Amino acid sequence: MSEERAVAAARALGVPVAVTRHGPVRSLEEAAAARGVAPERLVKTLVVRRGDDDHLLVLVPGDRTISWPRLRALLGVSRLSMPSAEDAQRATGYARGTITPFGASPGPHGPWPVVADTRVTGTISIGGGDHGVGLTVEAEALLAAYDAVVADVTDPA
């Protein structure tokens with residue numbers, strides 16, 4: 001059901017996606033191999049909390065991690081945190097590990113703000129709304145659809 005919501009949202013935005021379904025995976029490397037992409041092309045959609053009912057999505061290449069000082073500086077805030085898995089699911093409508101901007105439940109402030117690392121380019125695979133589902137998409141189309149802020153906000157993992 002969540003996969004259908006994600007794909008429908010991408011189509012409504014005019015963003016072409018290809019769906020890849022695979023079995024359970026236990027690591028980034030396994031997920032990348034199952035989706036036929038290099039680990040840095042598998043992009044994680046992370047929920048970041050700025051405050052009560054104030055979240056954003058950060059798109060991070062699989063081989064990288066959020067640089068909290070750079071992200072805080074970009075957003076002009078002194079504190080950020082990662083919500084619990086339950087809070088992330090409540091906020092987006094997707095379980096951790098399946099989160100995608102496509103079809104994420106809008107927050108109380110409207111559509112999700114999206115920040116993408118500068119390395120999110122070219123053909124990428126992101127979460128598809130369900131476990132074992134990836135969406136292959138051109139990063140530029142995804143970023144344009146969400147008017148994403150693009151900045152250097154990661155460090156090597």
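Helices (H or I, at least four residues) and strands (E, at least two) are DSSP runs numbered from the N terminus. The structure is a predicted model, in which local features need pLDDT of at least 70 and side-chain atom pairs count only at pLDDT 80 or more, whereas totals for chains, interfaces and linings use all residues. Residues are numbered from 1 along each chain as its sequence is written, and side-chain values use heavy atoms, with hydrogens and water left out.

In α1, the buried residues are Ser2, Glu3, Ala6, Val7, Ala9 and Ala10. These residues fall within an arc of 160 degrees when seen down the helix axis, and therefore line one face of α1; the arc is that of the directions from the helix axis to the C-beta atoms. Arg11 and Ala12, on the other side of α1, are exposed. The helix is followed by Gly14, which has a positive phi near 75 degrees.

The largest nonpolar core contains 29 residues, of which Val17, Leu59, Phe102, Ile124, Ile126, Val137 and Leu142 touch the most other members. A nonpolar core is here a set of buried Ala, Val, Leu, Ile, Met, Phe, Trp, Tyr and Cys residues joined through side-chain atoms within 4.5 Å. Two or more residues of this core are given by each of α1 (2–12), β2 (43–51), β3 (54–61), α4 (85–92), β5 (114–117), β6 (123–127), β7 (133–138) and α5 (139–145). The largest share, four residues, comes from α1. A second, separate core of 10 residues includes Val60, Leu71, Leu80 and Val153. In soluble globular proteins, nonpolar side chains tend to be buried together.

Not counting residues up to four places away in sequence, Phe102 touches Ala6, Ala9, Ala10, Leu13, Val15, Val17, Tyr94, Ile126, Leu135, Val137, Leu142 and Tyr146. Ile126 lies in strand β6 and is buried, with a relative accessible area of 0%. With neighbours within four places in sequence left aside, Ile126 is in contact with Arg35, Val43, Thr100, Pro101, Phe102, Val133, Gly134, Leu135, Val137 and Leu142. Its C-alpha atom is separated by 12 Å from that of Glu3, 123 residues apart along the chain.

The largest pocket holds about 460 Å³ of space. On a 1 Å grid over the protein atoms alone, a pocket is an open set of points with protein on both sides within 12 Å along at least five of seven lines, and lining residues have an atom within 4 Å of a point; a cavity, by contrast, is a set of points where a 1.4 Å probe fits but cannot get out. Grid points are joined across faces, edges and corners, and a volume is the space filled by probe spheres set on the points. Of the 25 lining residues, Leu42, Lys44, Arg96, Gly97 and Thr98 lie nearest the pocket centre. The lining divides into 12 nonpolar, nine polar and four charged residues, with Ala, Val, Leu, Ile, Met, Phe, Trp, Tyr, Cys and Pro counted as nonpolar, Asp, Glu, Lys and Arg as charged, and the others, Gly among them, as polar.

Arg70, in helix α3 (residues 68–75), is partly exposed, with a relative accessible area of 33%. Beyond its neighbours within four places in sequence, Arg70 is in contact with Asp152, Val153, Thr154 and Asp155. Arg70 and Asp155 are 85 residues apart in sequence and 9.6 Å apart in space, C-alpha to C-alpha.

Most residues other than glycine have a negative phi. Asp53, in the loop between β2 and β3, has a positive phi near 50 degrees and is exposed, with a relative accessible area of 53%. Asp147, in the loop between α5 and β8 (149–151), has a positive phi of about 45 degrees and is likewise exposed, at a relative accessible area of 66%.

Technical notes
Buried < 20%, exposed > 50% of the residue type's maximum accessible area, 1.4 Å probe, protein only. Contact = heavy atoms within 4.5 Å.
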